[in-house]
Amino acid sequence: AKIFPFPITEQVLLRGQERFNIYCSPCHGQLGNGEGMIVQRGFKHPPSYHIERLREAPVGYFFTVITHGFGVMYDYSDRVPPRDRWAIIAYIRALQLSQHATLEDVPVEERPQLTGSH
């Protein structure tokens with residue numbers, strides 16, 4: 001799937017964030033940079049979601065990995081229902097955007113808060 005099977009609302013993103021923090025952040029880190037607590041304890045490093053390959057991967061790729069596992073990551077099909085998988089993926093996309101945003105992505109009226117200019 002290249003697109004989500006339902007609209008991504010604020011409620012979906014918040015659910016995705018909650019589920020991500022429970023199931024994904026121990027390895028992937030809260031920013032999705034692959035620096036989770038498990039990694040700090042000596043376990044294998046997952047890739048950062050912010051590398052080009054994963055920024056450009058279709059959402060269906062993430063769904064497949066959550067469902068079936070990949071490498072040392074085991075599958076979460078019995079722990080995370082499909083709708084929550086999509087919510088997590090929506091949140092991962094938001095994380096990817098947040099880590100790759102430029103000033104041009106910010107509404108003009110909010111830019112002074114970021115740049116410190118008035």
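Visitor: What makes α1 and α5 roughly perpendicular to each other?

Guide: The axes of helix α1 (residues 10–28) and α5 cross at roughly 95° and come within 7 Å. Axes are lines fitted to C-alpha atoms, for helices over the stretch in contact, and angles run from 0 to 180 degrees between N-to-C directions. Angles under 35 degrees count as roughly parallel, over 145 as roughly antiparallel, 65 to 115 as roughly perpendicular and the rest as oblique. α1 and α5 are therefore roughly perpendicular. This is a predicted model: local features need pLDDT of at least 70, side-chain atom pairs count only at pLDDT 80 or more, and totals for chains, interfaces and linings use all residues. Residues are numbered from 1 along each chain as its sequence is written, and side-chain values use heavy atoms, with hydrogens and water left out.

Visitor: Why is α4 called oblique to α5?

Guide: α4 and helix α5 (residues 82–99) pack at about 125°, with axes 10 Å apart. That angle makes α4 oblique to α5. Residues of α4 that meet α5 include Phe63, Ile66 and Thr67. Their partners in α5 include Arg85, Trp86 and Ile89.

Visitor: How do you know that Thr67 is buried?

Guide: Thr67 sits in helix α4 (residues 59–68). Buried means under 20% relative accessible area, exposed over 50%, partly exposed in between (1.4 Å probe, protein chains only). Thr67 has 12% relative accessibility, so Thr67 counts as buried.

Visitor: What makes α4 mostly covered?

Guide: In α4, 7 of its 10 residues are buried. Among them are Val59, Phe62 and Val65. The cover over the buried residues includes α3 (52–55) and α5.

Visitor: What joins the side chains of Thr67 and Arg85?

Guide: A polar contact of 2.8 Å. The term means a pair of N or O atoms within 3.5 Å; within protein, one must be able to donate a hydrogen and the other to accept it, and residues adjacent in sequence count only if both atoms are side-chain atoms. A polar atom of the Thr67 side chain also lies 2.6 Å from the backbone oxygen of Phe63.

Visitor: Which residues is Thr67 in contact with, leaving aside its neighbours within four places in sequence?

Guide: Asp75, Tyr76, Ser77 and Arg85. Contact means heavy atoms within 4.5 Å.

Visitor: Which element has the highest mean pLDDT?

Guide: α4, at 97. pLDDT is the predictor's confidence in each residue, from 0 to 100. The lowest mean, 70, belongs to helix α6 (residues 111–115). The chain averages 90.

How values were computed. Helices (H or I, at least four residues) and strands (E, at least two) are DSSP runs, numbered from the N terminus.
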